[in-house]
Amino acid sequence: AEWIKHLLAEPRRALLACVVLLSYAACLDVLSDPDVWWHMRLGRLILDTHSIPSTEPFSYTAVGHEFTAHEWLADVIFALLRNAGGLFLVAVVMAVVAWAALIIVWRRAELRGAGPLACAIGLAVAARAAQPVLGTRPQVVSFALTGVVLLIADHVLRGNRRVVWVLPVIFLVWANLHAGFIAGLGFLGLCIGAEVLVSWISGKLIPTADVLRLAAGTAASALAACLNPAGPGLYIFSLTVPGTERQKAIVEWQPPVFSDASLWGLLFLLVSFAALLVIAVIRPDVRSRIVLRDVLCAAVAAGLALYAVRNTAIAAGVIAPVWIALAHDVVLSLRKDVATPARVTPFTVVLGAVIVGLGGATSVAAIAKAAADARQSGVAAMYPACAVSRLATAPPGQHVYVSYGASGYVIDALYPSASVYEYGESISLGPTVFAHYVAIASDDQAPPSARFLLDDSATSAVLTDQPALINDLQTHGWITVVHDHASVLLARADAPWVHEGGACL
């Protein structure tokens, strides 16, 4: 086809196509988020019982605690995908969701007049910045849907009025997929506020019909979001959780520490965006093209990213289209020559094919790796599969202390015959349980206090790689059941299922 030939013949467009394909590889991650296991198990629980739990289901230290299943629909989708194609299908689909968010970045930048080279560079920066918090997790939905609602806002404010009524439908679904819907409403509110301010500055007391229509669609969306198991209370949950989780010193709820190399993409995005904005402001020909709502949304997104690491992906999705547009305009204002269209030759077509093929090959390799990770052998290399198989021989009702990183895996494999001390949904467990978990997990200097906490909570089995805790428990009568790589499974000596098991190979 002619369009393929022209795509391949234009190096900038070929580079953009390459980056689009490469960005899928950045989105695909099977095992790095340990929460995927309990999400799938909760989804299966909902499907099996035809009800959404309102009290804590998986932790014996928080029995009866209120449980807000703000991701219940995402959990059900995870369970259905797993039934259809295993963990690999869950990972591939969630990577497609994240990839769609990056493609929306590209689309929003094109709406602002950005060319293919700026889009390619900006998309690569966005993918690198977002990558640390992407993966097989419901939070990815909020990354994608934030971009969708801002894209709809762009269209509405450009006169495409009918599309505004898609917003309430999106928020109805979003509020049941992930509590991050509150960010989408917030950014829509910023867009409306910015447009109202622009109207007032220009002397118009009443905003344009497009702005009023977007405001009506946003109000309807806020009402639609109340149609979830928690009702309007989900707003309170969404707004209070960041503060409560931040107090627990959970890494993803803390500000980014830029000595961590995985966050350098975010650092580059923020610093370069600030530099581009300064250049744009001091150059009149570029300043006239700045859109106030874009700058306000980008500034708030940057603040969210600096507040907590988990906001990084949303911030990248909001900032990157503006970054791309500014970079395009600044470069055009600085160059004196005018770019000429590329001449189509066999060499340029071959070169373009090689560039695009590189992106495609990288994504294919990422998919192959994901397939290997999702197999039983890949999972066993990351998680204590052998020790968990031994736990499965124990009578029902086991209380298992296990590290956060493996707790979701234990839940998925053993619930309801076993429950865990602490796991990723620490919101429902509360600060006391979390503080006790941290004391056990870090109690290398005074292991007796860890043992006392385990006794007080009626813990019957421990799966840990902490040498001091292992030695203390063995000294006080706990039996080593099995060694699984660096971890050891121990149980109380009076447990009827206990027998020495050696090591897992």
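**The whole chain**

Begin with everything shown, and keep in mind that this is a predicted model. The secondary structure of the chain comes to 21 helices and five strands. With a radius of gyration of 26 Å, close to the 23 Å that the globule rule gives for 505 residues, the chain is as compact as a globular protein of that length. Of the 505 residues, 52% count as buried, and the chain exposes about 21600 Å², of which carbon and sulfur atoms supply 67%. Among contacts between residues at least 6 apart in sequence, 71% join residues at least 24 apart.

**Helix 6 and Ser 142**

Select Ser 142 next, which you will find in helix 6, a run covering residues 139–156. Is this residue buried or exposed? Its relative accessibility is 0%, so Ser 142 counts as buried. Show the side chains here, and you can trace a polar contact of 2.8 Å between those of Ser 142 and His 178. Apart from neighbours within four places in sequence, the residues in contact with Ser 142 are Trp 174, His 178, Gly 180, Phe 181 and Ile 314.

**Helix 8**

One of those contacts, Phe 181, leads directly to helix 8, which is made of residues 181–201. From its first C-alpha to its last, this helix of 21 residues reaches 31 Å, close to the 30 Å expected at 1.5 Å a residue. Colour its buried residues, among them Phe 181, Phe 187, Cys 191, Glu 195 and Ser 199, and then bring in what covers them, which includes helix 6, helix 7 (167–177), helix 9 (209–224), helix 10, helix 13 (292–307) and helix 14 (312–334).

**Helix 13 and Ala 301**

Helix 13, one of the covering helices, holds Ala 301. At 1% relative accessibility, Ala 301 counts as buried. Once its neighbours within four places in sequence are set aside, Ala 301 is in contact with Phe 187, Ala 315, Val 318 and Ile 319. For a sense of scale, draw a line from Ala 301 to Tyr 423: the two are 122 residues apart in sequence, and their C-alpha atoms lie 29 Å apart in space.

**The loop holding Asn 228**

Go now to the loop between helix 9 and helix 10, where Asn 228 is found. Although Asn 228 belongs to a loop, its relative accessible area is 11%, and therefore it is buried. A polar atom of the Asn 228 side chain lies 2.7 Å from the backbone oxygen of Ala 225. Beyond its neighbours within four places in sequence, Asn 228 is in contact with Ala 175, Asn 176 and Leu 234.

Select residues 426–441, which form helix 19. How far does helix 19 span between its end C-alpha atoms? The span is only 15 Å, whereas a straight helix of 16 residues would span 22 Å at 1.5 Å a residue. Look along the helix for a kink of about 70°, centred on Thr 432. Its buried residues include Leu 429, Gly 430, Val 433, Phe 434 and Tyr 437, and among the elements that cover the buried residues of helix 19 are helix 10 (233–246), strand 1 (398–402), helix 18 (404–414), helix 20 (447–456) and helix 21 (467–475).

Most residues other than glycine have a negative phi, and most peptide bonds are trans.

- Pro 416 is in the loop between helix 18 and strand 2 (418–420), and a cis peptide bond, with omega about 10°, joins Tyr 415 to Pro 416.
- Ala 458, in the loop between helix 20 and strand 3 (461–464), has a positive phi of about 60° although it is not a glycine; at 44% relative accessibility, Ala 458 counts as partly exposed.
- His 485, in the loop between strand 4 (479–484) and strand 5 (487–491), likewise has a positive phi, of about 55°, without being a glycine; its relative accessibility of 57% means that His 485 counts as exposed.

Technical notes. Residues are numbered from 1 along each chain as its sequence is written. This is a predicted model: local features need pLDDT of at least 70, side-chain atom pairs count only at pLDDT 80 or more; totals for chains, interfaces and linings use all residues. Side-chain values use heavy atoms; hydrogens and water are left out. Helices (H or I, at least four residues) and strands (E, at least two) are DSSP runs, numbered from the N terminus. Buried means under 20% relative accessible area, exposed over 50%, partly exposed in between (1.4 Å probe, protein chains only). A polar contact is a pair of N or O atoms within 3.5 Å; within protein, one must be able to donate a hydrogen and the other to accept it, and residues adjacent in sequence count only if both atoms are side-chain atoms. Contact means heavy atoms within 4.5 Å. The expected span of a helix is 1.5 Å times one less than its number of residues. The bend at a residue is the angle between axes fitted to the seven residues ending there and the seven starting there. The radius of gyration is taken over C-alpha atoms; the globule rule is 2.2 Å times the number of residues to the power 0.38. Accessible areas come from the Shrake-Rupley method with a 1.4 Å probe; for residues, only the protein chains shown count as cover.
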